Amino acid sequence: MHGVDEAGKSALVRPAVPRAKLLERMAHLPPCLIGRQACSGAHNWARELAKFGHTVRRMAPKFVAP
């Protein structure tokens, strides 16, 4: 998990967040823009994250660096 502020500086760096704890962690963040790789479960994750007020944008895998 990695987040940057408006200036592009690292604001949140959590290299390992278990899937079971992801929603819990995201629920405690203020509403923000989230970028996710589009995959089979991306739409479901986007709906769950939107419940917390986040804006989720899905992008094609070819635009996501490993």
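Trainee: Before we look at residues, what do buried, exposed and partly exposed mean?
Mentor: Buried means under 20% relative accessible area, exposed means over 50%, and partly exposed lies in between, with a 1.4 Å probe and protein chains only. This is a predicted model, in which local features need pLDDT of at least 70, side-chain atom pairs count only at pLDDT 80 or more, and totals for chains, interfaces and linings use all residues. Residues are numbered from 1 along each chain as its sequence is written, and side-chain values use heavy atoms, leaving out hydrogens and water.

Trainee: Which class does cysteine 32 fall in?
Mentor: Cysteine 32 has 30% relative accessibility, so it counts as partly exposed. Cysteine 39, at 41%, also counts as partly exposed.

Trainee: How many disulfides are there?
Mentor: The structure holds zero disulfides, a disulfide being a pair of cysteine sulfur atoms within 2.5 Å.

Trainee: Turning to helix α2, which of its residues are buried?
Mentor: In α2, residues 42-50, they are Ala42, Trp45, Ala46 and Leu49. Seen down the helix axis, they fall within an arc of 100° (taken from the directions to the C-beta atoms), so they line one face of α2. Helices here are DSSP runs of H or I with at least four residues, and strands are E runs of at least two, numbered from the N terminus.

Trainee: What do those buried residues pack against?
Mentor: They pack against α1 (19-27), β3 (33-37) and β4 (55-59), where contact means heavy atoms within 4.5 Å.
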